[in-house]
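Student: I've got a new model open and would like to talk it through with you. Can we go over it piece by piece?

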Amino acid sequence: MSRDRGDRSPRTLRRRNRFALATAVAAAVSLTASGCVVVHGEREVVPTVTRAEAARALTDFLTAYNKADKEFNRSLDADRVTGALADMDGGKLDAGRRNNPDGNSRHVPLKLTGARFAIPRKAGWPRWFVADTLANKGRKDAHWLLVFTRSGASKVWAVSYLTIVQAGDVPAFKTDKDGWAEPVTADDPSLAVQPGKLGSAYATYLKSGGDTFAPGTHTSRWREARQRSASKPGMARQYIDRPLTKGDYAPVGLRTTDGGALVFFATQHYEKQTAAQGVNLTVTDPNIKALLTGEVRQSLTLEFVSDQAVRDPSDGPVEFLSRVQGLTGAKGED
C-alpha cells in the first residue's frame, strides 16, 4: 500500500490524526511549563475596558456602596470593593453596625457625576482603569478618583483605591491617538521612585526622613506630629509602617504628559500607645471601642490602612496629592 501524501486510506488517516493530536498536546504542555500560554488573546495589548463598561462598573459600585452604607452591612458591597478600600470600608461599616445595629440614620446616598475615564491599554490580567468624578459630599470642586480593578474574566469590576484630590491637582494623562492612557509598570526606571517601591520608600521616610518625598501634610508635617505625640509625659507611642503590594493592593499608575506618572499605592500603619505606671489608658472613641479586641490595661494598638495618590516625576521628590486613611482594627493588651 502506498504511504505517500496522497494516501487517504482510513488506517493512514487515523494514524495522522493521532500524530496531530499528540503534537498539539505536547505543544500545550510545553507552553504551560514555560508560562507562555495564550488564552483568548490575553497577551494582546488592548484597552482594559470599553467606556460603556466602565460607566456600568461605576454605577454598579455606587449601588452596592450606598446599600452597604445605609445598612452598615459590609456584605452588601463586598464584591464591589477590594484591596485597601475594602479594608477601610469594612472597618467603617463594622464599627457603624456595632454602634448602630438598626443601620445608618444619617445615610446620604453618594452621587458621583461628570465621570471621565482614563483607560490604559495593556495585556493580560489584572486589568484596571481610573474614574475621575465629582461628588455630592465634601468640597464641590474636589475630584474623587477611583481605581477599578478586575483580576480575571470571571470577576466583576471592584474599586481598590478611592482618593480625593483638590481641583487643579489632577494631572493630565498621556494618551494615544485613540484616547487610551499609558500605564507604568511596577519597575519603571524612568520615574523618581519605581511604583512598586513607593510603599517601602514611604515607610522608610516616615521612620527616618529624607528627601524622597516633598514636604507636606502627609510627609514632613505628619512626621513632626508623630514626634510630638511620642514625647508626651505619661504616654509612649510607637509607630510601625509597612507597604501593601500584593494582589489588589498592588500599585498602579498612569503616565502623565510631563513625563512622570500618577501612582496609587497602599500602606498599613500601626500605632501602639503604652501608658506609664499609674497612668490610666482609657478608650473614648466609639469606633475604636467597636473594633476593639482584648482588654485595654497598659497598652492599645491601633491598626490603619491608607491609600495614596502621588505625582511620581521623572526627577525630583515625589509629591502627595491625596491620602485617605481608615481604622481597621484595635487591640488592648496588658
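**A walk through the model**

Tutor: Let's start with N66, which is buried at a relative accessible area of 14%; buried means under 20% relative accessible area, with a 1.4 Å probe and protein chains only. This is a predicted model, where local features need pLDDT of at least 70, side-chain atom pairs count only at pLDDT 80 or more, and totals for chains, interfaces and linings use all residues. Residues are numbered from 1 along each chain as its sequence is written, and side-chain values use heavy atoms, with hydrogens and water left out.

Student: Which residues does N66 touch, leaving out those up to four places away in sequence?

Tutor: N66 sits in helix α2, residues 51–71; helices are DSSP runs of H or I with at least four residues, strands are E runs of at least two, and both are numbered from the N terminus. Contact means heavy atoms within 4.5 Å. By that count, N66 touches H107, P109 and L110.

Student: What is the phi of F72?

Tutor: F72 belongs to the loop between α2 and α3 (83–99). F72 is buried too, with a relative accessible area of 10%. Although F72 is not a glycine, its phi is positive, at about 50°.

Student: Which two residues does a cis peptide bond join?

Tutor: Look at the loop between β3 (121–122) and β4 (127–135), where P126 is found. The omega there is about -5°, and the cis bond joins W125 and P126.

Student: At what angle do α4 and α5 pack?

Tutor: Axes are lines fitted to C-alpha atoms, for helices over the stretch in contact, and angles run from 0 to 180 degrees between N-to-C directions. Helix α4 covers residues 198–208 and α5 covers 220–230, with their axes 9 Å apart. The packing angle is about 45°.

Student: Which residues of α5 does α4 meet?

Tutor: On the α4 side, the contact is made by Y202, Y205, L206, K207 and S208. Their partners in α5 are S220, W222, R223 and R226.

Student: How much of the chain counts as buried?

Tutor: The chain's secondary structure comes to six helices and twelve strands. Out of its 334 residues, the buried share is 43%.

Conventions: Buried means under 20% relative accessible area, exposed over 50%, partly exposed in between (1.4 Å probe, protein chains only).
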